[in-house]
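Trainee: Could we go through this model together? I would like to begin with the contacts.

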Amino acid sequence: MKKFNTIIAFTIVCIVMSISSNAQDITTLQLQGLYAGTNLHPGIRLDKKLNIAIGDIAVSLGTGGKPFDQFISQNSNGTYYADRDKLGYLTKQNQDLFYNNRINTVGLSILLKDFHLMIGHTIRTKFDAQYSTDLLELATRGNAEYIGKTLNLGPNINLINYHEINLGAQKSWGGLTIGARANILFGNAAVYTEKSKLDLTTRDEYYQLDLDTDFLMHSSSVIDYNSIDSIDTNLDLNSAKNLFKNNSGFGLDLGASYKIGDKISLSAGITDIGKITWDTNAKSYSSNGKYSYEGIDIIPLIEDDSTKYDLEDTLKNLLKIKEIGGNFSTTLSANYILSGSFKLSDKWTFHGLIVSNGGFKLRRNQLSLAAVRTISIVDLGLQYMMSDAGDFDNLGITVRVNAGPVKIYGGFESIFAVGNPFSSNYASGRIGLACQF
Amino acid sequence: MTSSCSDFDFALNDKEDPFKLAVPLINSKISLVKVGELIDDGNSSIRIGADGKVTAVYSGEVIRQDASAIFPAYPGIFPFIMTAETTSIKLPLTNSYLIKNAVFKDTKVRFVFEHPSTQDIKVKLKILEVTKDNIVFERDFVMPYGGTSPISFTSEEISLDGMKFKSNNNSLTFVYEATLPDGSSLKLNKAAMLFDFIKFKYLDGYLGYHVFGIDGSAIDVGLFNNWKSGSFNFEDPKIALSVENAFGVPVRSRINKMELTTVTGNTFSLQSSYINTGIDFAYPSFTEVGAIKTTSFFFDKTNSNIQDVFNEKTKTVNYDIDALINPDKDTLIKGFITDDNFFVVKVVVEVPMLGSVNNFVVEDTFDLNLDADVPDEIEKVALKIITSNDFPADVTFEAFMIDQDGKSLGPLFDTPIKLSAAPLKADGTTASATVENTISVYNKAKIDDLLRTKKLYFRGQLNTTDSQNKKTLWIYDRYSIGIKVGAIVDYKVK
């Protein structure tokens, strides 16, 4: 049970440590012209000669499927628990979780001759995890209800947290703008599950346990495995201790936009091409084989009554995990973006965005639409998002205040999730401050 | 979706919602060979024949007599005194001994002379029966005059090791010749041979009549321990008398008592003509010095009433046996012993596992102190007990829990555990094991009872196949009993 708790706790901690937003959401599209707009992709046209972004923070998280309240209940003590009676609603074998954040601490673009040169610093976190319905079933019901069956338990947990030093450029030829941004990466922490097979079979004869594993998990500065009931996790995210030193990598963002007249603009981009090689406190944990536990032979205990036996220890030792060590690499998982904007009038602007957000084992494809009403110095936006995860009820709002050269903006992509987190399978938000001269 | 760590309390299970854990607990198989290893305490064991047939063996005390019992070291309390120049001295043996030949071992002697002379005296001494390399023992001594008269002289120690003694009348003949420097002879006032012990590493002749008692021993036959009721029909129980003899003399047993006591306290005497006549045991001849001759004699159903008596559920066998050396006291029979010779007698009860058992009921009580830390979260345990049985016997057993006050806490199992007999093939051996499943459920109260249990009362019943018709069956070493236990544990988070 401690193992399951550790996994779930690890996952939950990752989720609840902050609100999230997807870096490539339609809110970004509404920031066209600002430095923060290029966070969608570097081909989003910049305005003015000098743009400064201060603390553009975007986070997103979701379940990738059913919202939590589809299988979690709350008891009279206020404790949430996995409700075995609701697990039947989970139609997928694996449940997904994801969390992304992008904290653009500072960004600067300056127009030199025909080029907008961009420089900035960003902290990124990408997390996704798959846990099986079988794992929930085992944790809530125990294995006795699955005698004679095989449960697929292998968790697939992936997390990278890293710093980006962004160096980019953008050039326009008439309505066409092309941008590129190179990102020098310094990793802070990573977990990467390369193989996640962990099948438990309870035989029906007298409940012998069989484990069939092909499991390989890498970690850099996150997991320290001692035994199945002694797993230390360190989630010191966003630390700068490895900045400019270790876990180096390289990333590339590319984009282009095209403006048709004054009313229509189209864009396409691809971001997060690259990888990080993890070399700090890098460890790999592997389990590969078939292991069985068929009970103890009591004859040696009769022969030598000083022999001690501990069932709990025996079961813990059933899963043979060995540390194999060594550096490892993680790819960034590219995002693919298509967008379009239509400025109907000085008061109304409409945006459309199709994004395929990359994850380690989870790719989330989203379609977003937004309508923005300009009232004096304030832009109010109403937006809608749907995804291939089956969520169609994401209604969001944005607010942007244009106080001269200073811009303040923020928004949620799923207002229903506010105050009711377990009934939604997706939420994102963004807030930031920009200056433009 | 927003939440914080402080107000998010998550549990995998609702406390009111226990889950069930299925785990295997025991997977054991015990064969008769392993049983033999477990019970082998030096007195009880199992012997496997070449064909795999099993015999239970119960051994009595091993009685051993060494050569010193026949010819102990002779202590030199009294010196051999030479009263004249030629003196014959009888060895202080009982009349029954007549030592013809012997070889000394660890025997050291000194000679003491005395004479009132004022001159040096030379003494030449011989022992006519003692030789080495066919040369008679002879030594020369000088008694120096040191200004004091009489002259007293004690020689250095002289080892007789390896020297031979040959005599027809158990005598040593000492001859000495004492002379002054001028050659004149004289008779010593005192002449004697001193020694600590006389020992031999070999001797032959007539070695006397001896009786060695092999009495008081009892063999504990555990086969019927805890018997409550039921009958047995062991086909060929035996009492084996085994003798290993290196003495080169005739040995015969004299059985004063051979009694079998049953578990009900009745005592029966073993009846056999051999008890009256005794049993002669083999011994090595003069050409086999150093060899060990083994004799095995069995009291069985062909020469005794052991089958009838044993099947009355023998608990102990008591015996009183004498081993007679030179039983006929015939002094013409010559024998030998060496100092490392021994004589070993073993009495063993052998029970070939061939027979039938009908309605054999055993009862016993075991101490139990489950020092187990059973988590309070465990609500219920359901054991699935799978037994397999290769034996041609139906076995049923049950157990009852008893607390420290002797009060019964109820049965340990919901139903008695049954092991049905394995089916028989035409050759009387069993085919495949018979497998039985039993479920026994332990709720919270019964778990508590088990933890309070201080004794387990055990009752078992056994019937060999077709035992009502006394069908005899062999038990083979490959037969085993298997037990597999799995548990479904209802676990409720507190």
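Trainee: Among contacts in chain A between residues at least 6 apart in sequence, what percentage join residues at least 24 apart?

Mentor: That share is 68%, where two residues are in contact if their C-beta atoms, placed from the backbone, lie within 7 Å. Please note that this is a predicted model, in which local features need pLDDT of at least 70, side-chain atom pairs count only at pLDDT 80 or more, and totals for chains, interfaces and linings use all residues. Residues are numbered from 1 along each chain as its sequence is written, while chains are lettered from A and ligands numbered from 1 in the order in which they are written.

Trainee: How many helices and strands are there in chain A?

Mentor: Chain A has five helices and 23 strands; helices (H or I, at least four residues) and strands (E, at least two) are DSSP runs, numbered from the N terminus.

Trainee: Is helix H3 of chain A enclosed or open?

Mentor: Helix H3 (residues 133–141) of chain A is largely enclosed by the rest of the structure, because seven of its nine residues are buried. Among them are A:Leu135, A:Leu138 and A:Thr140. Just after H3(A), A:Gly142 takes a positive phi of about 85°.

Trainee: Turning to chain B, which strands form the open sheet of four?

Mentor: The order is S2-S39-S32-S36 in chain B, with antiparallel pairing; two strands pair if DSSP finds at least two bridges between them. Strand S2 (19–31) and strand S36 (434–443) of chain B are the edges, each pairing on one side only.

Trainee: How many bridges join S32 to S36 there?

Mentor: Ten bridges join strand S32 (residues 378–389) of chain B to S36(B), and B:Ala382 has B:Val441 as its bridge partner in S36(B). Helix H4 (residues 444–452) of chain B packs on the sheet, touching S32 and S36 of chain B.

Technical notes. Axes are lines fitted to C-alpha atoms, for helices over the stretch in contact, and angles run from 0 to 180 degrees between N-to-C directions. A residue is buried if 20 or more other C-beta atoms lie within 10 Å of its own, exposed if 12 or fewer, and partly exposed in between; C-beta atoms are placed from the backbone.
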